[in-house]
2 protein chains.
Amino acid sequence: MARNVEHGLRPIAEVARDLDLSESFLEPYGRDKAKVRLEATDALGRKPGKLILVSAITPTPAGEGKTTTSIGLAQGLRRIGKRAALALRQPSMGPVFGRKGGATGGGASKLEPSNTINLQFTGDFHAITAAHNLLAAAIDNRLHFRDTDLDPTRVMWKRVLDMNDRALRHILVGLGGRSQGIPRESGFDITAASEVMAILCLADSRQDLRARLDRILVGFTKANEPVLAKQLKVVGSMAAILNEAIQPNLVQSTESVPAFVHGGPFANIAHGCNSVVATKMALGLADYAVTEAGFAFDLGGEKFFDLKCRSAGLNPAAVVIVATIRALKMHGGVALSSTSEPDPAAVERGLVNLAAHLDSAAFFGKPIVVAINQFGTDTPEELGVVHEYCHDRGVGCATANVFGQGGAGAVELAEKVVEAAAAPEAPLKTLYELDWPAEKKIEEIARVMYGAAGVSIQQEAESKLKKARRLGYGDLPICMAKTQDSLSDNPKLRGRPKGFTVHVRDVEIAAGAGFLVALTGELMRMPGLPERPAAERIDVDAEGRITGLS
Amino acid sequence: MARNVEHGLRPIAEVARDLDLSESFLEPYGRDKAKVRLEATDALGRKPGKLILVSAITPTPAGEGKTTTSIGLAQGLRRIGKRAALALRQPSMGPVFGRKGGATGGGASKLEPSNTINLQFTGDFHAITAAHNLLAAAIDNRLHFRDTDLDPTRVMWKRVLDMNDRALRHILVGLGGRSQGIPRESGFDITAASEVMAILCLADSRQDLRARLDRILVGFTKANEPVLAKQLKVVGSMAAILNEAIQPNLVQSTESVPAFVHGGPFANIAHGCNSVVATKMALGLADYAVTEAGFAFDLGGEKFFDLKCRSAGLNPAAVVIVATIRALKMHGGVALSSTSEPDPAAVERGLVNLAAHLDSAAFFGKPIVVAINQFGTDTPEELGVVHEYCHDRGVGCATANVFGQGGAGAVELAEKVVEAAAAPEAPLKTLYELDWPAEKKIEEIARVMYGAAGVSIQQEAESKLKKARRLGYGDLPICMAKTQDSLSDNPKLRGRPKGFTVHVRDVEIAAGAGFLVALTGELMRMPGLPERPAAERIDVDAEGRITGLS
């Protein structure tokens, strides 16, 4: 096995060969990354593999380790002789410099080359930024030349940067006089929140990408008529900017499992999954394609089925729910700072949260496996509480030490997943029908996924839903924007809250992505840097070795 | 010769082999582009080749075709059996969507793959954008947390985007209340105008890059003390973002001459040349390295010698001055719209502009060759006027049909350049000494390069120069920001204006790049889109073929 001296990684062409993917389909980016041509999936003509969705319980602020578990699981599958591939989101660079640090898994279950993946990678986020901002520039250009009916106060299309920069959230543009554009309020979101990102991730071909870009709703005329991106005439240029970004990126895990890492939309105002083209490529080339959906099952899992699978014709063979003993203790009422101390009773109390997500996942009728992402502080008694619960419920459960042991720590998990996925394929079940009224769709999600007693759709949201119907967007599915910290829309409610009402404050039309966003609470689309950002700890030496990026 | 089916291009590894550059030094980006590791230059241990600087007379708005002529010349050198390479700037994407279209040469003398080079290329501009904006975010973050003495009204560091977007020129950031940053005036420049771009282009190593970033002057405290980027503590992260961008990009010309295309700073507020590392790489690997400097010789040529060569220890063997018959007619008083009509008398009158640039170039003591970039409308009589003039002056002159015939159209030019460059090497001569007072440096440039009668340094500029001296920046060289449309600072004065005064309105300290910018007139750092931008004519088909990008 030839190894690249610099990274200790196998050349990416070799990794591709593990999937019978010939070099002619690769566009190399360095020696350890490649873009894969879209034709590759069909060219091989294999029977598609089984899709394994990795989701989680309601996480602690540190997360449940879904990415690390997904990578560990894929490595475990390979250890038991299965042909596995990963389809994962790519990290956003902004948060890497903020609080979060890297987002490429951890320990013995990582994506490599992790530093590059966390920073520029193959430039996809930058391409999305540029495509998004070209449309914004075209809008302000038309306003400047008075060459549009667009109402400057009703432009909804903002600008984006892949940077945590709170000072750009609310800005005034076009100042400085007559030749500097039209003064108006606007702002920047982070690139992961761009509708272009959601579009790139949901498009299943270049044509679909182009058509979705055309359909973006950018604002309204003074007569309240919709203005679509198509009318600005720069969509062809946007597609040209995205011409390479639409191709999935191939990298590898610590144990050299092929990983298609492509796209990274927000999991609240968007659907939070990697690209459809990457998922289909992993399925087309491997027997087991392991993918994940953002946040916990109530948000990510539901959107995976109702938005991504429905739109792309995907159908998972099994669902893995990742839980940590720490998070279960948190749901059992233990303060975050004390979740490292042994407390099996708290774990027991916290099982209500796991139960809620298992109930939600059960709705979709797929086999389920619980993966306990093991930490050094977990006691056998605490682990036993979860295993016993799953046993009683008749759900497979495995403790996985993916951070410490990589694939070797996930062999049991891999075996249980293979067993679960061996069940005969059931057709895709979705939570609601597209022709239901939006209000009914929202209510169904809130009741079945969140356990809400009901939904309160506030006036602003109701009038937006009416407008959406009038404009022909009534049949779009719903993308719920809700806190990830609770099953309810109140981030403080841990465990399995009951009797609460979900408040839908506002609704947005993501016509290009193809969903209506129902907003509950305030959603942050442009993070800020913390007082001591991670950016202060990163450096490069004279030979180009990056330090301080976890 | 193996050819890539898609582009009809040779694989880049083969192009590299023409320079004895082994694949181990390449980081491929697709099959037809590569980044080259910085170690490559030294590793080969060849005697450096001869550096050929391509500059021009004062251009028409369409430009004199310096890039096309540079590429044609390198192809001509190869045709006469010389080992040649190009070191050129990379296009900025913003203007590609504006008025300009692509910037990769033309006809039979182009850089390939031109579409990619004009768009994302290898992501360098985006990396520069991100590094620049991380520093901006860190500044506003310190202001937000009240963790700095920086005076919000004296922050000079703005943000950048590689986009023509006039509405971002003057903005208010930090609006929206207490948790959204500190409200203050700011704006965006285009990425080519970023000091990080100038720094990347002048740095001769990773260490030098890091040190220059540290030295950026971002603003002043309330006590009027300077605040450097180093104090914001994110320079290590900026260097990490630039870790791949600092490596030169290797592509090829239409006739497969190796081309190091790297960096693209403005030619007014910056020095307007490709990166030092790319120029040194071309010199280290080829016998003739053809490079160019932005705008005409008065601006680009002067900065090439006084800023780039002085800082990097480079020393050109010959200078090529590109002229077109059209531009000479314009300088001879013909309206732009009539420059296609035969008018040898106007060409004769316009020779004063060529004479001025030849005088300027002569100051630096290098052999000079005039290249007439031929157009179909040029008559033999008109061409004869220029040849006769050059002959009388004792300067080599060749008509080159590089657009129509590629290298074959530049054989005579190549021969004359080889002949000129065969002269014994003279030490580098600069126009002024670094320990002169800034005012004297500016006056020398204005008198010798522009033919000015004198310089008027306005009050704002004078007080900035005083401040620069107080802060220890008095010994920095001068980067003149002047219109490219005239030898004077009045864009309307064609030909060779006399008796004019150059007005220095303001001065900026580019401490990281290592020069003081003397501003004459208003400089545009963020272009706008025209009413019918080129972006409206670009598209992509279902197979990913881009159309409409010249």
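Tutor: In chain B, β7(B) and strand β12 (residues 217–221) run antiparallel and are joined by two bridges; DSSP must find at least two bridges between strands for them to count as paired. Strands here are DSSP runs of E with at least two residues, helices are runs of H or I with at least four, and both are numbered from the N terminus. Within this pairing, Val155(B) lies opposite Gly219(B) of β12(B).

The model is a predicted one, in which local features require pLDDT of at least 70 and side-chain atom pairs pLDDT 80 or more, while totals for chains, interfaces and linings use all residues. Residues are numbered from 1 along each chain as its sequence is written, chains are lettered from A and ligands numbered from 1 in the order in which they are written, and side-chain values use heavy atoms, with hydrogens and water left out.

The pair belongs to an open, antiparallel sheet of three strands, in the order β7-β12-β13 (chain B). β7 (150–155) and β13 (226–228) of chain B each have a single partner strand, so one side of each edge strand lacks a neighbour in the sheet. Neighbouring strands are turned against each other by 50° on average, direction ignored; the axes are lines fitted to C-alpha atoms, for helices over the stretch in contact, and angles between N-to-C directions run from 0 to 180 degrees.

Chain B also holds an open sheet of three strands with mixed pairing, ordered β21-β24-β23.

Strand β9 (residues 171–173) of chain B contains Val173(B), which is buried at a relative accessible area of 0%. Buried means under 20% relative accessible area, exposed over 50% and partly exposed in between, with a 1.4 Å probe and protein chains only. Leaving aside residues up to four places away in sequence, Val173(B) touches residues of both chains, among them Leu168(A), Ile171(A), Asp140(B) and Ile182(B). From Val173(B) to Gly187(B), 14 residues apart in sequence, the C-alpha to C-alpha separation is 8.4 Å.

In chain A, helix α15 (residues 380–393) has 14 residues and reaches 20 Å from first C-alpha to last, close to the 20 Å expected, where the expectation is 1.5 Å times one less than the number of residues. Its buried residues are Glu382(A), Leu383(A), Val385(A), Val386(A) and Cys390(A). They fall within an arc of 150° and therefore line one face of α15(A), the arc being that of the directions from the helix axis to the C-beta atoms. Their cover includes α13 (325–331), α14 (344–363), β18 (368–373) and β19 (396–400) of chain A. On the other side of α15(A), Pro380(A), Glu381(A), Glu388(A), His391(A) and Asp392(A) are exposed. Just after α15(A), Gly394(A) adopts a positive phi of about 75°.

Terms used: Contact = heavy atoms within 4.5 Å.
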